[in-house]
Amino acid sequence: MPTELPGATAERWAAPTCLVIQHLPPEGPYLIAEALKKAGVVVDLCQVFAGDQPPTSLDGYNGLVVMGGPMSAASDDGFATRTAEIDLLEDALERGLPALGVCLGAQLLAIAAGGKVYPGAEGPEIGWAPVSLIGEAERDPLFRDLPPELTVLHWHGDTFDLPPGATHLATNMAYPNQAFRAGPRAWGLQFHLEVDIVGVDAFLAAFGDEATGCGVRPEDIAAQTGSAVAQLASARGKVLDRFAALVCEA
């Protein structure tokens, strides 16, 4: 079962509670968890890599976050909790609970909402690169009032079709579907908005060889990280604080 992050109160259900599913140690919730805790939300961290099993429903929860990982959202191969996670995302959509999928989590949300996931034609997208906010982003509950372009961390090879009825929020030349909203309160982010410098260091330590294999120098990513994280701070803070506020209201 999920375990509470340090600092959670014993009266777990007296406060808003958000389930966070983590697939690998390097791909933690980082600044998402910080924003939730700052808002007074209890974070239940389900570490499936350590043997935790996702709950069968979102009863008692006010929100759901599904983090990234190298597995395929389109296959159970090496991904024993895939179906359970999709079921939880479907549950969040049906209940109208705030949900946030990051990278793999975004792909799982796309499937839960009726879309498809498949390998990207452009090959892996790894490193700091811009995305452009488009269309309804200027009126979106999370993305309104943000700069039209954000430089974010990418680390993926798969992509997805937008689910039926989804709202397209962000794009770039390599992978057009970078962010979307499904229903009123479920968001998929193909990129990693959640990372701080510690998070990027963890990515580089765990997945640096993958970057090198794609022709991206890990040292170049590291050199860009300090300024990129700092420049993203204001926009990132708005998005994550707004999500945390929605969890508090649910």
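Guide: Buried means under 20% relative accessible area, exposed means over 50%, and partly exposed lies in between, with a 1.4 Å probe and protein chains only. This is a predicted model, in which local features need pLDDT of at least 70 and side-chain atom pairs count only at pLDDT 80 or more, while totals for chains, interfaces and linings use all residues. Residues are numbered from 1 along each chain as its sequence is written, and side-chain values use heavy atoms, with hydrogens and water left out.

Visitor: How do you know whether C46 is bonded to the closest cysteine sulfur?

Guide: A disulfide is a pair of cysteine sulfur atoms within 2.5 Å. The closest cysteine sulfur to that of C46 belongs to C18 and is 12 Å away, which is too far for a bond. C248 is likewise in no disulfide, since the nearest cysteine sulfur, again that of C18, is 9.8 Å away. By this rule the count comes to 0 disulfides.

Visitor: What makes C248 buried, exposed or partly exposed?

Guide: The relative accessible area of C248 is 31%, a value between the 20% and 50% cut-offs, and C248 is therefore partly exposed.

Visitor: Why is helix 4 described as roughly antiparallel to helix 5?

Guide: Helices (H or I, at least four residues) and strands (E, at least two) are DSSP runs, numbered from the N terminus. Helix 4 (residues 197–213) and helix 5 (residues 218–249) pack at an angle of about 155°, with their axes 10 Å apart. That angle makes helix 4 roughly antiparallel to helix 5, because angles under 35 degrees count as roughly parallel, over 145 as roughly antiparallel, 65 to 115 as roughly perpendicular and the rest as oblique. The axes are lines fitted to C-alpha atoms, for helices over the stretch in contact, and angles run from 0 to 180 degrees between N-to-C directions.

Visitor: Which residues make the contact between helix 4 and helix 5, and of what class are they?

Guide: Contact means heavy atoms within 4.5 Å, and I197, V200, L204, G208, A211 and T212 in helix 4 meet P218, I221, A222, T225, G226 and V229 in helix 5. By class, the contact has 8 nonpolar, 4 polar and no charged residues, where Ala, Val, Leu, Ile, Met, Phe, Trp, Tyr, Cys and Pro count as nonpolar, Asp, Glu, Lys and Arg as charged, and the others, Gly among them, as polar.

Visitor: How do you know whether H23 is buried or exposed, and where is H23 placed?

Guide: H23 has its place in the loop between strand 2 (17–22) and helix 1 (30–38), and with a relative accessible area of 1% H23 is buried. Beyond its neighbours within four places in sequence, the contacts of H23 include V48, F49, M71 and L104.
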